[in-house]
Amino acid sequence: MGEEAAPTPGSPGSSSAIKRVRTVDECQDMIQRSLRTPMVIFLREQMEKAGCGVSDKFFKAVYCQMQMSGCYNRNKGIMVCSNHMNFQDDVNQVIIHELIHAYDECRAANLNWTNCAHQACSEIRAGHLSGDCNFKRELLRGYMKIKGHEQECIRRRVMKSLSANPNCSGAVAKNAMEAVWDTCYNDTQPFDRAP
């Protein structure tokens, strides 16, 4: 459910520039700006229509020990890791990605995050619908494939998320992702088509 954090120095997509770590308060202000973006407004409206409205308190800036950008937890809401955020666009992306997870849980009463196929499906959808894997983002991460980059990126990021689930190791995670790929990649709800 978490989102891939910035690469470590020397890895693909890393930069020699020193990145500024945001405080929790700065990140909380960035979250408030994010809540006014069209995509976030749309997703919150769709959650409301599905019976799962979320208040501004659903979104929290936190300091994270783990190397992740944010996560969704049904009991705690969406948490954005302030110490892994550099720009407003980073915060917007985390909020959108995690809102898709929240929407998935809202519409699927039996979603079980410990089930590899369930988690893989939501990660596929979040990667595809949030724009996590658009060409510019991939280029900034150091991945320069021209054709097929989006699906390759989604697969890479799904496997990274599944690897954090103790129930989903190696071949189990890959098999779960492949089993649900077509259905979940083509499921664009609440959008008419992938944005």
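Both F58 and Y72 are buried, where buried means under 20% relative accessible area, exposed over 50% and partly exposed in between, with a 1.4 Å probe and protein chains only. The model is predicted: local features need pLDDT of at least 70, side-chain atom pairs count only at pLDDT 80 or more, and totals for chains, interfaces and linings use all residues. Residues are numbered from 1 along each chain as its sequence is written, and side-chain values use heavy atoms, with hydrogens and water left out.

A search of the whole structure finds five aromatic pairs. Rings of Phe, Tyr and Trp (its six-membered ring) pair if their centres lie within 6.5 Å; planes under 30 degrees apart count as stacked, over 60 as edge-to-face and the rest as tilted. Two of these pairs are listed below.

| Pair | Centre to centre | Angle between planes | Type |
|---|---|---|---|
| F58 and Y72 | 6.1 Å | 45° | tilted |
| Y72 and W113 | 6.3 Å | 65° | edge-to-face |

F58 lies in the loop between helix 2 and strand 1 and Y72 in strand 2 (residues 70–73), so this pair ties together parts 14 residues apart in sequence. Helices (H or I, at least four residues) and strands (E, at least two) are DSSP runs, numbered from the N terminus. W113, in the loop between helix 3 and helix 4, is 41 residues from Y72, and W113 is buried as well. Ring pairs join F58, F59, Y72 and W113 into a cluster.

F59 also belongs to the largest nonpolar core, which has 28 residues. Such a core is a set of buried Ala, Val, Leu, Ile, Met, Phe, Trp, Tyr and Cys residues joined through side-chain atoms within 4.5 Å. Helix 3 gives the most to this core, with eight residues.
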